[in-house]
Amino acid sequence: MKNAFVSFIVKDLRENKRELVSLIMSESILISLFTVGVLGFQIFSSKDADEYFMREDGISRLFISACSLMLLCGIVLLIATLIPYLGKRVPKYTFLRRMGISVRDKRRMIITEAGVTYLLSIIPGLLTGTLFAYVLKHVIVSYLRIDFELGSVSAFTYPIICVVTLCAYALSFLLTGELESDFGVISSTQETARTERSISRKPAAWIIAGSILCVVSSAAFFRIEYHEALYLTAIFYLGMYLAVKNIASVIMAGTRKNRPDKYYRNLLNSNQFYNRYQTTTRYILALSLISFLACFTSGFQMIGIVNAQNAEDLFPYDIMCLADENDAKYFDGLKKDSDIEIHEYPMVRVANLDKTEHFERINEITIQGQQIGISESTYHELKGAIDPSYVPEDLGLNDDGSNVYVVHQQDRSIKAQPVDWRYNKSKPDLHIGVPCIRVLDEYHGTYYEKNIAGEEIASITGCYSTPKCENIIVFSDRYFEKAQDEWKNVDITTGYSVEAFRAFMGDDAEPLLIQGPTRLVLINTDPSHVQQLDRELDALEEEHKYIGNLDSSVHFHYSTPDEIQQVTVERAARIAIGVCMLVIFLIMEILLLYSKCQMELKEKKGREKMLRGLGMPLRDRRRLLSREINVFLVLPAVFLIISSAVFLTGTYSVRMYDSNLVIRCTKMYAAMITAWIAVNAIFTWLIKILIGKEILSDE
Amino acid sequence: MNNCEELVRAEGLYRSFSKYGNKTEVIKGIDLCICRNELTAIMGRSGSGKTTLLKLLGLIDRPTDGSIIYKGENSRKLFGDRLAAIHRNDIGFVYQDYYLMDSLSVLENIMLPKILNHEETGEAMKSAMAISEKMQISSLLDKRPYELSGGEKQRAAICRALINDPELILADEPTGNLDTASADIVMRHFAMIHRSLNTTIVIVTHDPSVASCCERVVFLKDGLITVDIRNNGDREVFFDRIIENQKNVLKG
Ligand SMILES: Nc1ncnc2c1ncn2[C@@H]1O[C@H](COP(=O)(O)OP(=O)(O)OP(=O)(O)O)[C@@H](O)[C@H]1O
Ligand SMILES: [Mg+2]
């Protein structure tokens, strides 16, 4: 009895072999993509590697974000194969239920089926994923000549991958159910047909809200303190979606009411809008968003790198050293060496409240940005040292020090970074001296809000450390003198002024006063000397950890050869990942459109039969079909161009590109989106041919 | 028979369906002539091939063998735009399963042939209103087909077939889902256009009283025409003859 049942299940499954195989294959792809992502993350997030790749987010983080996108893509793929699969299986189960199969047996069948497909896919998925990850690792390591210790894969990885992909599997089942109720792809019955409202209740309100979102988000993108945040583009798209959708629906309703001639002429062509407005617009939104993510986030990242200045130009000196009074002797000794060219400038350490985007837990030390504070005349000297033709200009600074001038020392091919990260403030809270250990923002009186009188992105001492640190803050000469003594008045433990500290802790308490670095030392010499100096300075590093290690990316000295290698490696990795993402986005875009067409196939076939019977010429039917699909190529392309124009301009503005660079990048970007649209058009055309073959006939 | 002006003629008609190598003959050699301005009924058991024959006569399906002569022209020579134009203007087909588009309103469904013909909207709407008034579905025009009952859908499909005033109407069980009163309305309308517009009508039906309204009844059995009778004037006599033949055909 039992055996008969088991063999029935097996036989039953074998009947839908084709669907089963494609399901298992797409599931294997999902699992292997995810495995690559997780393994890549673990391998490249070893302690050393993390530091190595911290210029923006770190290569391991790149793996994670790429991985989540891949997972999304995998889910889309899975849905696309689940639909035909379930289309075959569900009627069978419905039939069995009507035949009176017991609930237990049915459950057993379904579980067996899901289990078999999952088990069959997990082993090849894990194998290929692991293999691919190690090949990738090998390629990256050998191609980029990475010489640090890489992380290892932890034992929990594989079970976690199994669980997460199982969840993804379940999620795609749920989503398929959702699509099923949208389109009735699997069990299209008339009772399940869903009507969609084509006009919302208060279109004017939505249009206004959407337009406001668009304006606000794009305006924010033009300001450096928003750090080219991706969520702004999401808000922009949401706004555009609401506004355009509602404007179009008002126009549509108007056409239907006041211009029946036009309405009826386009009855069939615009039917997918009138009849299924929500679904259609949502697909257009999704496709536009994918296009935008592909072209702008992945694509422009690459264009930025391709047009970036040479890594060597980012570092005008061989070594930068932030020395204090105790190092005077050492550097005086160095100055005697005729091969070494040393420049020394007075500086103060400037801390800003927060350089990270996230809050640490309450008892942890808040990581703070550490910048280089110099006087206006030092700034002019530094500029002059790099560019002999430099003519000093007024920086708009004032004597009381409330105005500062900021030089963001960073690579222009990465996102523009503000000085102060917290709250997207345009006026940074700056503190002169080394960072205070505990900063209770409400009480501190030693972090002052400053106006930014002007800012530029440039390298005048070298783009060392992360862009979040070692930027230049310029004070007026008068204020700089005062600033040099500021450290005497701040208790580093609490961030209180000495006076406030005494009032709080009692007169006997001893505040902790630390002077921090006072000399900005820039050294140029020949390569052999650089290595030797590097070693010597490394030995001194320990003495300059002023208040414990507040931030591992801030050092006493920085040497250029290391940094150049790091920048080069990182750029290469970014391009590699960018290309991968672009391809994955393309696959997602095409699969999404294809699965949509597949889902509507049944409905379209019925319509086709009817229209043929009513005497609509084949040519017109083909044109109708083609137009319906073209909408999903043309409208996303239009939105891509509009939003790219907005955000590209924003990017140029916050990264302060000069006109030459703007022209170069824009040309490349235009070429890229043209190629993107062209490739999409080719695939759309293929989809049309495929779908047309299924549907169109002229007997 | 003598004053028959031929409109459609089937000659040695065969139609078979094959799937996975299994071939089923459905129409097995039919010769049938439909005269202009004739009101014909096709009867027969379920599965006897009535729908298949009707689709062949309406040039919607193609025979595997034999030919359909439409207005003196072999249907094999009719394709593409000419065939489409014939479907649009000359033939009105009522499908057994209606084929209404769920994404359009009932009114739009009815107007569809006119829209496909690029006719003027106001006129199209007027005629759609008029025909739906006659079929008593004018209150349903703004609904979607899936909101209608089977009989209402059937009448909507009839309206769509009639709106272009075609010269040939092929209706597959147009009264199958209707109560006697509604069926009567439909049949009376058919009779009316048949008389006033000289429309040729072929209907498939299982209902002897519907068939008795026609001038001619053809019985189909196992893919062949077994009986072909004409109304000689008296409807009741004709009705009895239909009942009798139906019994014979059903008995096998
Ligand atoms: N597309 C098709 N493929 C395969 N077989 C078909 C197809 N269409 C019809 N048949 C077969 O042809 C036979 C006749 O079908 P048809 O639809 O003509 O019957 P009918 O006389 O209209 O029956 P009913 O009164 O139930 O509508 C049936 O046995 C059916 O199985
Ligand atoms: Mg039938």
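## A greasy patch, a sulfur link and some rings

On the surface, A:Ile682, A:Phe683, A:Trp685, A:Leu686 and A:Ile689 make up a nonpolar patch with about 460 Å² of accessible area together. (Patch members have over 30% relative accessible area and no salt bridge, and nonpolar side chains are joined within 5 Å; a salt bridge is a side-chain nitrogen of Lys or Arg within 4 Å of a carboxyl oxygen of Asp or Glu; areas come from the Shrake-Rupley method with a 1.4 Å probe.)

Before going on, keep in mind that this is a predicted model, where local features need pLDDT of at least 70, side-chain atom pairs count only at pLDDT 80 or more, and totals for chains, interfaces and linings use all residues. Residues are numbered from 1 along each chain as its sequence is written, chains are lettered from A and ligands numbered from 1 in the order in which they are written, and side-chain values use heavy atoms, leaving out hydrogens and water.

(Helices, H or I with at least four residues, and strands, E with at least two, are DSSP runs numbered from the N terminus.)

Now for the cysteines. A disulfide is a covalent bond between the sulfur atoms of two cysteines, counted here when the sulfurs are within 2.5 Å. The structure holds one over all chains: B:Cys4 and B:Cys35, with sulfur atoms 1.8 Å apart. This pair links distant parts of the chain, 31 residues apart, with B:Cys4 in the segment before β1 (6-19) and B:Cys35 in strand β2 (residues 22-35) of chain B. The link is left-handed, at -100 degrees about the S-S bond.

How covered are some of these cysteines? Buried means under 20% relative accessible area, exposed over 50%, and partly exposed in between.

| Cysteine | Relative accessibility | Class |
|---|---|---|
| B:Cys4 | 27% | partly exposed |
| B:Cys35 | 6% | buried |
| A:Cys321 | 0% | buried |
| B:Cys213 | 29% | partly exposed |

Last stop: the rings. Rings of Phe, Tyr and Trp (its six-membered ring) pair if their centres lie within 6.5 Å, and planes under 30 degrees apart count as stacked, over 60 as edge-to-face and the rest as tilted. That gives 25 aromatic pairs over all chains. A:Tyr263 and A:Tyr264 pair edge-to-face, 5.0 Å centre to centre with 70 degrees between the planes, and both are buried.

Technical notes: Patches are made of residues with over 30% relative accessible area and no salt bridge: like charges are joined within 9 Å, nonpolar side chains (Val, Leu, Ile, Met, Phe, Trp, Tyr) within 5 Å. Buried means under 20% relative accessible area, exposed over 50%, partly exposed in between (1.4 Å probe, protein chains only).
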